[in-house]
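Please read the following account with the sequence and the model side by side.

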Amino acid sequence: MRIDLATEPGSRERPNEDWVSASLPASGQGGTLVLLDGVTPPSGDAGCVHGVPWFTARLGGALTELSASRRDLPLPEVLAEAIRRTADAHRDTCDLSHVRTPQATVVLARWGGPAEEVEYLVLSDSALLLESPDGTVTAVLDDRLDRLPREALRTHASADALRNAEGGFFTAAADPAVSARAVSGTVPRAGVRALAALTDGASRWVDLFGEGDWRACVEVLRKEGARSLIDRVRALEAADAGQRPGAPRRFKLHDDASAVFAEL
């Protein structure tokens, strides 16, 4: 089994709001993967005195511990309990009802165990890639945000109205019930040769710049590593820094970027 991961902030002047971890039991059988992309709020009050990096560290830590130690819990229940724990850690000091309370996208994967399955969960716009033994790559995506009209997200107020709301998009924030909104499921362990998870800062190589498809992305991760994929994204961003005519549009010139690749 081989695991490779990398993460880089979008700006050296701002803390990295992503979280990525992978864990293997001492027995060597199975493992878990956690990837979060913290949602950067607009300037102004967000109801929390801690901030997004604190939130992703708390939530990521809880998800890592629970997904590894509580194999009796399906991943949606793992997510619900991790959100509950994180909310309890700051509900006495912060307004968790604020629409911009710290929140994150989520990718969880867990493999091994008695059932010999790969379990997965994706919430919001990070990506999970499952590679089969024949090289076919299946992207597990929560595309609700992509299906919204760009006009609906044009202002902070219009985006807030759709955040964790029916007909909008969902992220892990303070409500454990959001776990039921995640894309989740299982596939036989024998049907997965490798898996990868990407925050949208890293998946830009495919879904923004169109440098290759998901299968090509997995090949970059296998042959060159997670660090190289992020470097490729940064080079593309720099080339399009002027937002010249025909260049892909993006809300951030550079975004926090994280990738993890696990060859099972």
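The paragraphs below begin with the model as a whole and end with single residues.

This is a predicted model, in which local features need pLDDT of at least 70 and side-chain atom pairs count only at pLDDT 80 or more, whereas totals for chains, interfaces and linings use all residues. Residues are numbered from 1 along each chain as its sequence is written, and side-chain values use heavy atoms, with hydrogens and water left out. The mean pLDDT (the predictor's confidence in each residue, from 0 to 100) is 93 for the chain, and 94% of its residues reach 70 or more. Over residues 244-248, however, the pLDDT is below 50, and this stretch has six contacts in the model beyond near neighbours in sequence, a contact being heavy atoms within 4.5 Å. Where pLDDT is low, the predicted coordinates should not be read in detail.

The chain has seven helices and ten strands; helices (H or I, at least four residues) and strands (E, at least two) are DSSP runs, numbered from the N terminus. Its C-alpha atoms fill a box of roughly 50 × 45 × 35 Å along the principal axes. Its radius of gyration, taken over C-alpha atoms, is 18 Å, which agrees with the value near 18 Å for a compact globule of 264 residues; that globule rule is 2.2 Å times the number of residues to the power 0.38. Buried residues make up 52% of the 264 residues, where buried means under 20% relative accessible area, exposed over 50% and partly exposed in between, with a 1.4 Å probe and protein chains only. Among contacts between residues at least 6 apart in sequence, 69% join residues at least 24 apart.

We turn next to the interior. A nonpolar core is a set of buried Ala, Val, Leu, Ile, Met, Phe, Trp, Tyr and Cys residues joined through side-chain atoms within 4.5 Å. The largest such core has 24 residues, of which L129, L198, W205, C217, L221 and L229 touch the most other members. The elements giving two or more residues to this core are β6 (127-131), β9 (194-198), α5 (200-207), α6 (214-223), α7 (226-239) and β10 (257-263). A second, separate core of 23 residues includes A62, A82, L108 and A182. Within α5, G201, A202, S203, R204, W205 and V206 are buried, and because six of its eight residues are buried, α5 is largely enclosed by the rest of the structure. The buried residues of α5 pack against β9, α6, α7 and β10.

T105, in strand β4 (residues 104-112), counts as buried because its relative accessibility is 2%. Not counting residues up to four places away in sequence, T105 touches L35, L36, D37, L123, S124, D125 and S126, and its side chain makes a polar contact with the side chain of S126 at 2.7 Å. A polar contact here is a pair of N or O atoms within 3.5 Å; within protein, one must be able to donate a hydrogen and the other to accept it, and residues adjacent in sequence count only if both atoms are side-chain atoms. E17, found in the loop between β1 (2-8) and β2 (18-23), is likewise buried, at 5% relative accessibility. Leaving aside neighbours within four places in sequence, E17 is in contact with residues including D37, V39 and D256. T101, in the loop between α2 (75-90) and β4, is buried with a relative accessible area of 4%.
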